[in-house]
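Hi there,

Here is the structure I promised to hand over to you. Have a look at it first, and then read my notes below.

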Amino acid sequence: MAESVPRRSHPRRKPISSWPIHAVLIVAAVIMVVPFVWQILSVFKTTSEVTRIPPTIIPADFSVHSFETFFSTVPFWSMFAVSTGSLVLRVVGQVTVAALAGYAFARMPFRGSNVLFGLFIAMLMVPSQLFLIGQYQLIRDLRLLDTLPALAIPGLFSAFGTFLMRQAFLNMPKDYEEAARLDGANPFQVFWHVMLPMARPMLAALTVLTGLYSWNDLLWPLIVSPSGENRPLPVGLAGLQGQFGTDYPTLMAGALVCSIPLVIVFLVLQRQFFAGIANSGLKG
Amino acid sequence: MKHKWTGAMAMAVAATLLTACSGGGTETGSAGGTGAAAEKVTLTYANWSEDQSPAMEQIAAEFQKENPNITVKVQTLPWPEYWSTLQVGAAGGTAPDAFWMLADHFREYAKGGALIDLSDTVKSGIDMSVYPKAVSDSYTYEGKIFALPKDFDTNGIWYNKALFDAAGVKYPDDTWDWQDVQDAAKKLTDPAKGVWGIAAPIDAQGGYYNTILQAGGTIINADGTASDFAGPAGVAGLKFWADLQKAGSSPTLKQLSDTEAVSMFENQKVAMYFSGAYWALRFYKNAELKGKVDVAPLPQGVKRATVTSGIGNAGYAGSKHPEELKKFLTFLGGTKAAEIQAATGTVLPAYKGTQQPWLDSMPEFKLQVFIDAIDYSVPLPVAGNTAEWQGLAAQYLAPAWDGTKPVEAAAKEYQDAVDQVLAKK
Amino acid sequence: MTNVAAKPARRPSGRRAGGNQTSVWWAVAFIAPATIGLVALYVWPFLSTLIKSFQDVPAFGPATFVGVDNYTALLSDGEVWEAFGNSALYTVIVLLGIPLAVVLAALIEQAGRGRTIYRVLFFLPVVTLPVAIGMVWRFIYNGDFGLLNYVLSWFGIDGQYWVADARFTIYAFAVVGIWMGLGINLIILGAGLQAIPKAVYEASALDGAGRIRQFFRITVPLLTPSIFFVTILTVIAALQMFDLIFIMLRSVNNTALGDSKTIVYLFYEKAFVQFDQGYGAAIAIVLLIAIMIATALQFRLQKSWVFYG
């Protein structure tokens with residue numbers, strides 16, 4: 001975004017020092033990426049080739065057997081649909097719920113609202129595994145086990161999301177809000193037409209973070225889907241490990257195929273990802 | 001073939017129920033009393049093996065053919081999550097209707113009232129003598145039967161003929177004793193090639209339980225109140241494995257943690273692997289092992305012995321369709337289900353007389369070894385919270401395996417830890 | 001309060017009272033969905049865990065009240081202490097990733113062209129499934145044919161069984177933890193860097209300060225609010241580490257598992273594998289207390305090092 005600004009403000013320094021900077025960064029970037037490169041190379045090897053000592057770098061005969069094994073074992077597309085469906089539900093739901101509550105906490109204080117907000121913050125610190133049993137019982141009592149909503153429901157309510165949205169609204173100037181109110185808008189109209197659009201950067205942040213959590217979740221889908229229906233990709237991938245033990249080419253192929261959808265989304269929308277996460281870290 | 005009457009009985013029951021109700025397949029009326037069978041009912045049936053799930057599907061389809069009112073959904077859960085998922089479901093009232101059970105987990109479920117009691121169903125016409133007693137006994141709790149044996153397994157020596165040939169060692173056979181294993185393992189080991197004679201992990205069922213029994217030991221006393229790992233037989237049985245480690249005839253524990261023993265065997269890094277019949281199909285299907293693998297009986301110690309166990313098909317006490325569930329479990333325990341498992345080579349079915357198709361499905365393996373072993377088999381030891389004290393084994397026995405503690409000392413510490421678990425409740 | 005007070009009103013008193021009343025109802029309506037969900041799905045499960053921690057809870061059947069038995073048992077349980085030690089060690093090492101992230105963020109900020117490419121590359125682990133990451137690293141760490149030992153052998157260093165030897169597992173996990181978290185930290189810190197006014201640098205450049213000096217005298221102090229935020233997030237996440245150990249060590253015969261458990265893994269094992277939910281709950285409550293103490297400590301300490309300009 002501000003690519004050209006630093007160059008203009010430090011005209012003398014840029015050319016001298018960019019070499020060592022790039023050298024360090026390139027080394028670091030290579031270290032970051034090596035695991036992925038190794039993964040991709042291994043996908044095309046045979047099982048006996050990956051266990052060879054010392055390892056070979058380039059696959060001997062570029063076998064695609066690992067993909068065949070993966071796709072014939074894991075119902076990839078239906079799991080992909082489940083992952084995507086629950087992600088959409090969770091993101092839309094959480095963003096809506098958190099924006100409403102965050103706005104009220106920021107702009108409509110009432111007696112006890114600070115205590116209530118403290119309760120939200122306290123829940124942030126509790127390890128999430130601790131909620132599992134209680135959440136499971138609720139989903140069961142709502143007769144939602146094995147359904148798509150069951151995957152998304154606990155994620156709809158997020159203390160972290162509420163906290164972020166409150167921060168966003170706290171930072172906004174009051175003028176627009178008051179102007180709208182003088183025009184006779186009710187609080188929901190003010191929120192919806194005036195404030196929410198201004199909170200777009202934080203909404204994007206929350207969308208990105210919630211989406212990541214939803215896509216990655218392993219334990220909850222396992223527990224809430226006892227009949228094995230509506231299972232997302234991480235579950236299929238974890239099952240693969242149990243079944244193929246150390247058939248690393250197949251495991252690596254599975255890991256690759258299941259990760260790629262989100263990587264593509266990230267590459268396309270990287271600006272939004274970065275802006276989103278940067279926003280979540282800005283002080284309120 | 002000979003014992004067809006269980007299946008026949010199931011069909012008779014099905015026929016009675018079918019004629020008793022009208023058209024079937026409609027959501028008619030109340031679910032009260034005998035009319036319940038008229039409804040379309042869906043049962044779920046959980047397992048943890050992708051390898052076996054095709055056969056389970058086939059069994060479910062066969063059952064549905066006979067019971068058009070009942071749909072069975074087979075679900076396969078990943079092994080590491082199977083028990084936690086099942087436990088949460090059972091405690092929460094939503095477990096699958098039917099599921100696989102193992103002897104070491106069974107007691108907690110039976111004690112907690114999570115399993116449907118099959119005693120009456122058995123009384124009304126299931127002959128328990130068709131199952132290996134060691135297996136059916138392990139699914140009996142306080143005199144009640146809670147699961148029908150699905151399959152069983154005894155142990156043998158899986159070995160890689162190519163590696164034996166390369167080292168010029170004679171294949172294992174029923175004359176082998178402990179010393180033969182130690183000697184062969186040593187000769188087969190070739191560090192330069194990254195090949196070891198045997199895999200010696202800390203494995204109870206395929207490993208040290210067998211050798212403790214072969215040394216004349218008992219593992220757990222008759223009333224399940226104390227263990228015996230530190231007695232002379234216990235120590236000897238553990239020492240068998242520690243010695244293999246000490247001689248360098250096996251990959252180290254660390255190597256076996258990185259790459260499980262079975263994978264080492266499949267990758268042709270180890271020549272011998274003591275384990276059960278359940279690997280047969282996996283080895284058979286592995287193209288790289290074609291023509292290289294066979295199986296021999298476990299070696300003799302003071303006597304011959306192998307532990308045996310088997311998966312049981314159990315039902316959930318909280319099932320909404322107990323009658324249909326019992327019918328399905330009966331079918332699972334019957335000949336037809338056994339025959340499907342045998343013919344597909346899936347596992348060694350528990351039902352007596354149905355094993356021949358299994359042997360025939362993989363003629364290259366001397367699978368008869370596993371059936372012959374029934375004669376000297378001993379049930380897998382279970383007592384108290386078995387899963388808990390078994391889970392302690394790796395921690396307490398590892399120092400004996402890697403030589404940092406005398407076997408006697410490690411055995412004593414493990415015994416004390418197990419006894420402490422057994423003393424609870 | 002303020003929104004009402006600021007209102008220019010024709011009939012001040014009447015509108016004020018009515019507006020206040022209405023706005024409370026609006027506030028309640030806005031907050032209700034989040035609060036209902038929070039209470040039903042978080043507060044209540046938390047309370048029931050708290051209650052369970054004072055009970056003996058068999059897998060099935062009724063629980064019995066046992067007072068503080070679980071807690072006293074826990075205090076003398078070596079396994080629990082070891083797990084706490086492991087979690088603490090993991091957290092401390094992962095925190096070392098933060099200085100690394102600060103340096104890298106500063107370098108990326110200076111890199112000009114190619115900034116985006118670096119950010120994308122560093123961010124890739126963040127958008128990869130943790131299960132997939134666990135598998136890939138387990139493969140890389142393999143003591144016999146893993147990539148890491150192979151690379152080390154080029155430098156004449158003897159390899160280790162990184163995830164099969166309890167002496168190394170926690171360090172091995174921590175390296176992955178740093179690797180996974182770097183991308184997010186870089187973005188948050190990068191945003192903090194961009195907020196530092198360029199004029200500050202220009203002034204110090206005129207005073208003849210070099211780059212290194214600027215980094216320590218300007219960049220780091222002005223970045224402390226972002227560093228603090230990243231630290232809080234890192235500590236909370238690190239104390240809850242579970243996925244990696246679950247994916248990399250759970251194979252039945254991994255002899256390193258016994259000495260490598262983290263506190264959340266131990267909770268999972270007690271509550272979901274060993275049928276002992278009461279004891280598991282007590283462990284979770286103790287962990288919660290530890291997290292609260294750690295966070296409170298950080299907020300207290302921040303006064304001495306976080307710079308709010």
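How much area do domain 1 of chain B and domain 2 of chain B bury between them? The figure is about 1,100 Å², with 51% of it on carbon and sulfur atoms. Buried area here is the accessible area (1.4 Å probe) that two parts lose on being put together, summed over both.

Before going on, please keep in mind that this is a predicted model, in which local features need pLDDT of at least 70 and side-chain atom pairs count only at pLDDT 80 or more, while totals for chains, interfaces and linings use all residues. Residues are numbered from 1 along each chain as its sequence is written, chains are lettered from A and ligands numbered from 1 in the order in which they are written, and side-chain values use heavy atoms, with hydrogens and water left out.

**Chain B**

Domain 1 of chain B covers 5–152 + 309–361, and domain 2 covers 155–308 + 384–423; such bounds come from an automatic or database domain assignment. Their C-alpha centres are 33 Å apart. The contact (heavy atoms within 4.5 Å) brings together 15 residues of domain 1 and 13 residues of domain 2. On the domain 1 side, Asp51(B), Asp104(B) and Ser309(B) supply 39% of the buried area, more than any other three residues.

**Chain C**

Chain C also has a domain 1 (2–52) and a domain 2 (77–305), and their C-alpha centres lie 38 Å apart. Four residues from domain 1 and five residues from domain 2 make the contact. About 400 Å² is buried there, and carbon and sulfur atoms give 78% of it. Phe46(C), Thr49(C) and Lys52(C) lose the most area on the domain 1 side, together 85% of what that side buries. Between these two domains the count is zero salt bridges and one residue pair in polar contact.

**Chains A and C together**

Chain A has 16 helices and zero strands, where helices (H or I, at least four residues) and strands (E, at least two) are DSSP runs, numbered from the N terminus. Its radius of gyration is 24 Å, well over the 19 Å that the globule rule gives for 284 residues, so chain A is more spread out than a compact globule. That radius is taken over C-alpha atoms, and the globule rule is 2.2 Å times the number of residues to the power 0.38. Chain C has 14 helices and two strands.

Which residue numbers meet in the contact of chain C and chain A? The contact takes 92 residues from chain C and 102 residues from chain A. These chains bury about 9,300 Å² between them, 76% of it on carbon and sulfur atoms. Helix H2 (residues 12–52) of chain C gives the largest share of the chain C side, 18 residues.

Enjoy exploring!

Conventions
A salt bridge is a side-chain nitrogen of Lys or Arg within 4 Å of a carboxyl oxygen of Asp or Glu. A polar contact is a pair of N or O atoms within 3.5 Å; within protein, one must be able to donate a hydrogen and the other to accept it, and residues adjacent in sequence count only if both atoms are side-chain atoms.
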